[in-house]
Amino acid sequence: MATHLAAVSLAKGEPFELHTRPTPKPGPGELLIEIKSVALNPADGHMRDRGLFISTYPTVIGFDISGLVLEVGDNVPVGATDEDIYHSFRPGITCVAAYAASFWRSCDPDYGAFQERCLVPWQHAVPLPEGISWNQAATLPVAVEVPLNAWDIMGIPRVGEATTSSVSVAPVGSDTCGEILQNKKPKREALLIWGASSSVGTMGVQSARLLREDRDSSFAAVYATAGAANMKYIDSLGADRVFNYNEPQVVDAIVAAAREEGLVIRHCFLATGQLAPCQAVLKAFVGDDNRREKQKAKIGSAPIIPPDAEKVNGVETIFVMPSMDEGERLDQFRYWMGTWLRQNLAQGTIRPSPEPKVVGKALGAINAGLDVLWQGVSCTKLVVEIAEARGLGRSRDIIELAQNPSHNPFITSDHPDPLPINTAPASVGNPGSQTSEFLSAASQPSSSSTPRANRRRRLSSPEDNLGPSSAGTGHLPRITRETAPRSYPNHLLGRPDGRPPSPKRRRLVIMRPDGMSAENGVPDPSSESLAANSRKMGLNGQAAINGSSHTNGSKRPSQPSTYYGHNREEITRILIQSLYELGYNGSASLLSSESGYELETSGVATFRSAVLGGRWSEAERILIQSFRNAGSQQADRKSPQEETLVLAEEADRNEMLFYLRQQKFLELLEARDLAAALNVLRQELTPLNFDVERLHALSSLLMCSTEVLHAQTGWDGSVSSSRERLLGELSKSISPSVMIPQHRLAVLLDQVKQTQINNCFYHNTAEPPSLYSDHMCDRNDFPLDVSVDLTQHSDEVWYCEFSHDGSKLVTAGKDHNVLIYNTTDFSVIHRLMEHEDGVAFASWSPDDSKLITCSQDKKARVWSVESGRCLLTINHHRQPVTAAAWAADGESFVTASLDSESQLRHWSMRGQSLYTWKGGFRVQDCAISADGRRLVAADTEAKIHVYNMLTYEEDYCLPLPKGEIQLVDMETTAVVRQFKGQKQGEFVIRSTFGGAAENFVVSGSEDSKVYIWHKENGNIVETLEGHISGCVNSISWNPADPGMFASAGDDSAVRIWSRESNRSRPVGPVQRNGIPLNGVTRTSALRTTSTF
C-alpha cells in the first residue's frame, strides 16, 4: 500500500506532527494531487490553535495547494473532447492550483492540504498555463474564491452577465471617461475594497477592475484602502483611488472623493480589518440613489461577523462563505476556478497576487510558517515548498505494508515516535463583557455662564468599568458591576416581548454543551438522575386542567395544611426537590412517601428526562401536545396516562420550541456537525419566526471556533449543566403547581441573604451572611475614622483616586501638582509638577502602569507611573481639559474638554487623533465602559450623552438630575435608585461606589462632610465630618481594601478613612489586569453640582 507524509493535527492547540498516511484512491469526480507547494492562511492558524471547523481528530488541514495530477476518478474531464474544454485533467501531465475540500468533508484527512498527496474535487482545481510557478499557483485558490464569492452574495452580476440596459462608461482615468453609450445609463457606482493589501484583498482589486471594465456593469471606479507602504502596489493592480486606512479621517475622505466624482458607494468587500468604517462609508450614501433607495447597501465580509456587531439601517452585512449545498458549491467553484481564473490567467488580465514568500521547505516548516503569519504580514503570501524539498519532482512512496486488514487514516512509520514539527502554537484569548450601572448628578444652574477660573468642573471618569448601565447626579458615572443572581433570569436567554433587556446587549444563550446529545452520542448518565427519580413518583391521579389548581399525589396528609403560616404542600415539595439536588435521593423518596406529596407529574418527569437526555423529538412532542390540549380546553378529558404539561398562562409555544431547537443547534455546532446544524437552523428554527435578531446571531456562529462559540453563547459547564439551565428556562412557562422552578430553595435562601444584607447598614464584607442567625455587621468594623492626614498639597485638592490594585493613590489640585503615594505607608513616590494650572482630574490605565492628568492649562499629560516621566502631552484643546477615560485595552484614551469645537477626542498612545466627536457642546466628564463599547459624557447643559465606541455614533442622551445622585440603568435608561441629603449647588463633586461588593455610594458635599448611602435601599448610612472647611471634592474607595477610602477637600487635605484594624495593613501584590484581588471589578461613580 502506497503511503505519504502528512503534517497531522492531533489535538486542538498542539503543533502539527509528521506521520505517514495511506495514500487514498480518488473517488468519482475527484483528483489525487501530488502537492508541490502550499500557501498559509489565517484560518490555518485558527484551526491549529483553536480547533476552528475541526469536528474530529486526528486530521490534516490546509486550503491552498499547487501540484501535479497523479490520478483521476470517474466522471472527471480528461481531454478536449469532454463537454467543457476548459476543464482537462490528465494524470501525470496537468499541473493545477486547487482549493482543498476538507472543510466540506467533515475534516476527513484525505482532503487536507498539509501533506504530500491529497484528494480534491475536480471543480475545486484549475489547470495552470505556462509561466506560473508552483509557489505563485499556491497563492491563488483562496485569494480568488473569497472576492468572487463576495460579488456573488452581494448580487453583483458576473462579468458579461449584467443586463444590457444597465450602464456603461469607460473606466475613470481613461480618455473616454464619462462617455455615455447610446441607450445606456451612466455608471454611477464605486466599488470599495477595504484591506486591499491582504491576499484576498489584492485579488479583490483585480477582480473589481474587471467588473469596472465590463461595459454593462454599474461600476465606474474601484476604491481601495491599504497601509501607506502598500498603496502604490494596490494602485498597480488597478485601483482608481487608494486610501490610507490608518488616517483618522479615512471614512470622510472616501465619501468626499466619491461625491466629488459624482459616484455612490453601495457595495464593499471587507477583506480584512474592522466592519464599522465600512458601514460608515456605505451609510453616507444610503438614500443618495433614488432609484435604489429601497435596496440595501451591502458589505461582503471575509472576516467572521461578530454577533454583537452594530446593525446599520440600510446596510446589510453578509459573511462570505461558499454554499453548504454540495451541488451548489461545486457549481460555484467550477465557475470561480475553472472558468474565471483559468480564462483570466490565460489572457493575462490578472496575475498572482500578492507575491509569495517562501518561509520553509517540506512539511516540517508549516508550524513555524504559521507562527510567522500570527505575528502579522502585509502584502505578501507565505508559502511552504513541499515536493521540491525532497529533491524529486514527485515524492516517493515511503512504505509498503504487506497486510492491511482495515483502512486506518494514520499509520505509524518506521520511527517509534512521531516527528515533532518546529514550534508550538500561540494561544488565543477571548475577553468577556459585563454589565454595570453608573451614578450621575446634575448641578444647579450657575448664575453666570462664564466659568470660574479657580475651580475645575468634572465628574469622576474612570478608566475602569463603565458598563451597560450608569448612574448620575450631574456628571459622568463610574460603573458598578452587579453580582449575577443564582437563579437564571429571562435576560440570559432573552425574550422579545418586553420581558428581557435590550436585545442589543442580550447574550444568546446560557447553555454550554461540552459533549454529544443523546441523538448524537452517549449522554451523561448523571444528568437524568433527578428525572429518573421524579418519574418513579409520577402522578397517580388525573392531571388537572391547564390553569387550574393541581393536586399532587393520591395520599392526603393528616397534618395541618399550613406550617407557621406557609403552605405545607409547597414547603414539602420544595424540600423534596432540594433533597434530590443535594444528592439525598433516598431521603427525598422517603419524604415523598411519608408526606403523600409528589414532586412532579409523570408528564413533567418524562419531559425533564427528554430534555436532560437530549431526546429533542420526544420533548417537542410533549410540548406540542400540551399546547394542543390547552388550546382545545380538553385537558380534563385526556387519559391519565397521557404525558402532557400544565402550562403557565403566558406560555408561548414558539418560544419554548425555539429554546429546544436552539440547544439542539448549539450542541451540533459543539460536535462540529455543521451540515446538521445548518439544517436545524434552516428547517427547524427559521420557520418558527421567533426573535429574528437572535436567529441571525445564531447563524453567525456557524463559522466560529469552539472557544468563540462558548464565549458568545455564555456556556460555562458540561452538556448536562447546559441542558439543566435550558430546563430551568423552559420551566418558567410551565405551571409551578406541576413543575417547581429549578433550585427553588437556593433561590429563596439567596433572597433571604440579600434581604439581610439590604437591612444591614454596615455590611462591608464579601462573605455572605450565615443562615444560622440574623445578620448585622458591627459599626466599629466600618471605616469611620481618619487614620492618615495627607497635607502635601498647598491649595485646594480637587481629585483623588486609588490604583486598581490598591497599592497607590493619586491626588491632584489647584496648586498645579499631582502626587502619587505608596499606600503601604503613604509616602510620596512621585510629585508631577509640569502642569501650569490647576489639575482637575487623573486616571489610572487599566494595568496601573500609566496615568493621565487633565488640567486647566488646556493640556492632558500621560505619565509613566514607574519613572514619573511624561510620556505624552495633548495640547490640542483650546479650553481646560476636564476629564479623560482609558479604552479597555489601555492602548488609547478619550479626553474631554470645555472646548465646544473639540469637546471629545479619541487618541492613540502615539498622540495620533483617532476621532473627534461633533456636537457643539462643552463636556465636563467622560468615562468608557470596561468592555470598551460605550463612551458616556456629561456636558455643561445638564445632559448625559452615551456613544457607541465602535461606530462613534450617539446611542441616546439623558437629562441629568438636579439636587440628588441617581443610579441609572444604561440599557433601559430607567432610574434604579436615588440618593439624597448631601449639599450641592456650585462645585463639581466626585462620587463613587465603594465597599465590599460595592454595597455603598459615597460622596463629598459642600458642607465639608462625607455622605455614605446603602446602594440597595438608598438610606444614608453615615454622615462624616472630617474636613475643616470648604467643599469635599472627591472620594475614592480602595478597590483592594473595603475598609479604606480617601476624601479630598478645599482645606488642602486628603484624608484616609479606615477602621482600627486597617491602620497598619499590608498592600497585596500587583494585579495587572485592572481587577482587584478581591474579585470585584473596580468601579466608581461620577457626579457634579454645577457647570464650569
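Start by selecting Ser 1005 and Lys 983: a polar atom of the Ser 1005 side chain lies 2.8 Å from the backbone nitrogen of Lys 983. That is a polar contact, meaning a pair of N or O atoms within 3.5 Å; within protein, one must be able to donate a hydrogen and the other to accept it, and residues adjacent in sequence count only if both atoms are side-chain atoms. Before you click on, know that this is a predicted model, where local features need pLDDT of at least 70, side-chain atom pairs count only at pLDDT 80 or more, and totals for chains, interfaces and linings use all residues. Residues are numbered from 1 along each chain as its sequence is written, and side-chain values use heavy atoms, with hydrogens and water left out.

Ser 1005 sits in the loop between β42 (1000-1003) and β43 (1009-1014). Helices (H or I, at least four residues) and strands (E, at least two) are DSSP runs, numbered from the N terminus. Is Ser 1005 buried or exposed? It counts as buried because its relative accessibility is 0%; buried means under 20% relative accessible area, exposed over 50%, partly exposed in between (1.4 Å probe, protein chains only). Leaving aside neighbours within four places in sequence, its contacts include Gln 982, Ile 989 and Tyr 1011, a contact being heavy atoms within 4.5 Å.

Next, pick Cys 777, in the loop between α21 (744-759) and β22 (785-790). At 19% relative accessibility, Cys 777 counts as buried too. Beyond neighbours within four places in sequence, it touches Cys 760, Tyr 762, His 763 and Asn 764.

Now show residues 797-802, strand β23, where six of six residues are buried. Its partner is β24 (residues 808-813): the two run antiparallel, joined by five bridges. Strands pair if DSSP finds at least two bridges between them. Look for Cys 800 opposite Thr 811 in β24. The two strands form a hairpin with five residues between them, and Gly 806 in the turn has a positive phi of about 75°.

Last stop: helices α16 (residues 653-670) and α18 (residues 692-700), whose axes come within 11 Å and cross at roughly 10°. Axes are lines fitted to C-alpha atoms, for helices over the stretch in contact, and angles run from 0 to 180 degrees between N-to-C directions. Select Phe 658, Tyr 659, Gln 662, Phe 665 and Leu 666 in α16, and you'll see them meet Arg 694, Leu 695 and Leu 698 in α18.
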